[in-house]
Amino acid sequence: MAVFSSNLGYPRIGERREWKKTLESFWNGAISETELYDTMKRLRLRHVQKQMKKGIDLIPVGDFSLYDHMLDMAFMFGYIPSRFQHMSGGSLETYFAMARGAKHQSALEMTKWFNTNYHYIVPELENTTPILVENRLLHLYEEAKQELNIDTKPVMLGPITFLLLSKKYDHNDFKTHLSSLIPIYIQVLKELYEAGVSWVQIDEPILVQDIDETIIRFFHDVYDAFHAALPSLHIILQTYYESISHYKEIVSLPVAGIGLDFVHDEGINVSHMRKWGFPDDKVLAAGIIDGRNVWKSSLEAKANFIDHLAHYIDVDRLIIQPSCSLLHVPVTVQHEQSLPPLLKEALAFADEKLDEVYELTQYVKGDRTIDDFRHYDRHYQSFVMSSSRNVQSVQEALANIETYPTKRIDYSKRKHDHKKRWNLPVLPTTTIGSFPQTKEIRQARLKWKKGEWTEEHYQSFIRKEIKNWIHIQEKLDIDVLVHGEFERTDMVEFFGEKLTGIACTTNGWVQSYGSRCVRPPIIFGDVAFNKPMTVDETAYAQTLTHKPVKGMLTGPVTILNWSFVRNDIDRFHVLRQLALAIREEVLALEKNGIGMIQVDEPALREGLPLKRSKRTRYLEAAVEAFRLATCSVQPETQIHTHMCYSQFEDIIEAIDALDADVISIESSRSHGELVHSFEIYRYEREIGLGVYDIHSPRIPTIEEVGENIERALQVLDHHQFWVNPDCGLKTRNAEEAIAALKVMVEAAKIYRQKLVTKTVSQ
């Protein structure tokens, strides 16, 4: 058998974010449905052609999506919730309504994809029977074949992972749902095989989590059925992000190949191979190139690793590939003109990683030698050895880490100071931080960065926006205000631009959810605080109002998890550096009269290791970092934090241990399910559960917001509860933001009055 190069998935967004711009043009009514489809087809085919030119043998199709791959699967199998089934605008309107909501239909829940910053749409299976609506994989395969004469590798999520990540069905009926899906998957696979497909990649990333024997038996049921129906189809059962659980059972399944991540498995997958071997009748799709970080690989080290694998498998049964889909990294380093040359030469984005895959494949074939790789490796090695990465003051601070406070006086004492200082009404209203980033704001920032505007001109513009939105918040009668973050492009990138040891790219975009793209900073050296980063804007906003204005910071755990992090030292070492830097900003805000400071940690749950055995260390480090950043303030200063929704039962004790005075949690898309966490765990501090979904353009009704308040007050004391949106309002336009906030404040006032009436009647 020949050695193949392969890719698991390619970034959808395009080199210049063409994908994002096309989607938003369609949503705004600037282009037609036909123009949308035509543009997306050109972009999709361009991606396939590029990978072919890069020398990739097994090129994925099915990884491209108009919004999200889980949504695509649900749509392909007819899992359309009843509230969307009678929409009159056609299938595309229904598809986007499921993702974003419509005037009368709330969107499906959105949550984090395993331990990444990608968000997927959660399918709802309630009262639906799966059918094959359209074999989109067949369409995409035939498209590439007819247009480019390229045989591609269809990629689809496996049925067990799909079901376990879906919701709104009784999990006691898992087997029934699986039995309904198996014949539909077989139909898809048969149609692919009959069209000439040789290889199919079926992703089952759930295998890297701690799953029980019952689920493993289901894997045998599924893949035995696939093999019985299609014994000649080459199926690669693909995993990523960690080592697989139940190695012996999984490699015995009747598939042509097993895909393993050899980058993020911490050596466990290799130890499994050493202990139990690898079957002679299968290929090993070896994830050798890091698909989640941006550093160049040492091709010499990777070649040596391949030689090590050769102890357990014949090299002619290897497929060389990235560790996971390249969805998680930017498209190409080619357009980065502002990075320091030494740093740029050490980076590899998606296109450059495909070059590495090709080179290593040539090595396995005998067409490259170790000596050929040493020239390539020297750029990264030069960067690693650079003295610019090390800051003596940071090293000294870390050596004395135990001298920094990580504990405040007891919360029961602090809350009296807060009540006396702020005298807020019951069910106080606030927002999470950001307000709409309009076209005018983006253009102003661009003119400033290009030097077309002076610093004074730009700051005057920002202050005008702050003043306008302070006025809007006061008119809406919101209780705790924010300055709006108009000077910030992104909540992590903003701090990356201002801290030592972090670099920001010009075009290093990655998809976060839908058309929302972010540019993760690159942490390349020791992280250090230079000067106050947020004080001027926040202090100015506070001069405009007698109401409290929250200082808005991004927490150390989120900066770590939403950045590309140096890989030469322990991540928790970097986390402590970030915590000490944010601590300096917290103290600077307090010194300038800001008495409420929100240190956002939306990525805390996201970074939770997929293996339970690794979670304690992570959570302890996360709690320590948050407390390092926040525990030096005075008792009367109120510390807030914000988190995004995702199975908080797993980390509720760690959330408590943060010792924040107020937490706000994104929860509206879960329709109050998060409240269950607080039914089983008594939380003593103050909390805001998001009462409406900011990711959807639809305006909630007072009744909908009221239902979310009502549900929360069933388990939380009304003196604890804050009323807020579930996330920042950056992605909404001004009209949407104001209309939704007006509803939110009115609903809060209605429930305040209900509480007063209830108290009087008692």
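# Legends to the close-up views

**View 1. Across from Ile-639 in strand 18 stands Ile-597, in a region where strand 17 and strand 18 run parallel.** The model shown here and in the other views is predicted, so that local features need pLDDT of at least 70 and side-chain atom pairs count only at pLDDT 80 or more, while totals for chains, interfaces and linings use all residues. Residues are numbered from 1 along each chain as its sequence is written, and side-chain values use heavy atoms, with hydrogens and water left out. Strand 17 (residues 596–600) is joined to strand 18 by three bridges; helices (H or I, at least four residues) and strands (E, at least two) are DSSP runs, numbered from the N terminus, and two strands count as paired if DSSP finds at least two bridges between them. Together with helix 23 (residues 615–630), strand 17 and strand 18 make a right-handed β-α-β unit, a term used when, with the strands pointing away from the viewer, the path from the first strand over the helix to the second runs clockwise. Helix 23 lies across strand 17 and strand 18 and runs at about 145 degrees to strand 18; axes are lines fitted to C-alpha atoms, for helices over the stretch in contact, and angles run from 0 to 180 degrees between N-to-C directions.

**View 2. Strand 18 (residues 638–643) is mostly covered, with six of its six residues buried.** Buried means under 20% relative accessible area, exposed means over 50%, and partly exposed lies in between (1.4 Å probe, protein chains only). In a regular strand the side chains alternate between the two faces of the sheet.

**View 3. Six strands form an open sheet with parallel pairing, in the order 15-17-18-19-20-21.** At its edges are strand 15 (550–554) and strand 21 (721–722), each of which pairs on one side only. Strand 15 is paired with strand 17 in the parallel sense over five bridges, and Thr-554 stands opposite Asp-600 in strand 17.

**View 4. Another open sheet has three strands, in the order 11-14-16, and its pairing is mixed.** Strand 11 (500–503) and strand 16 (564–565) stand at the edges with a single partner strand each, so one side of each is left without a neighbour in the sheet. Strand 11 and strand 14 (residues 522–528) run antiparallel and are joined by three bridges, and Ala-503 stands opposite Ile-522 in strand 14. Helix 22 (residues 571–591) packs on this sheet and touches strand 11, strand 14 and strand 16, where contact means heavy atoms within 4.5 Å. The direction of helix 22 makes about 55 degrees with that of strand 14.

**View 5. Helix 15 (residues 392–399) and helix 22 have axes that come within 10 Å and cross at roughly 100 degrees.** The two helices are therefore roughly perpendicular to each other, since angles of 65 to 115 degrees are given that name, while those under 35 count as roughly parallel, those over 145 as roughly antiparallel and the rest as oblique. Val-394, Gln-395, Ala-397 and Leu-398 in helix 15 meet His-573, Arg-576, Gln-577 and Leu-580 in helix 22.

**View 6. Helix 11 (residues 299–309) has buried residues at Leu-299, Lys-302, Ala-303, Ile-306 and Leu-309.** They cover an arc of only 110 degrees around the axis, which puts them on the same side of helix 11; the arc is that of the directions from the helix axis to the C-beta atoms. The buried residues of helix 11 pack against helix 10 (268–276), strand 9 (283–289), strand 10 (318–322), helix 13 (350–365) and helix 14 (370–384).

**View 7. Tyr-241 has a positive phi of about 85 degrees, although it is not a glycine.** Tyr-241 lies in the loop between strand 7 (234–238) and helix 9 (247–251) and counts as buried because its relative accessibility is 4%. Leu-427, also a residue other than glycine, has a positive phi near 55 degrees. Leu-427 is found in the loop between helix 16 (411–422) and helix 17 (439–449), and at 0% relative accessibility it counts as buried.
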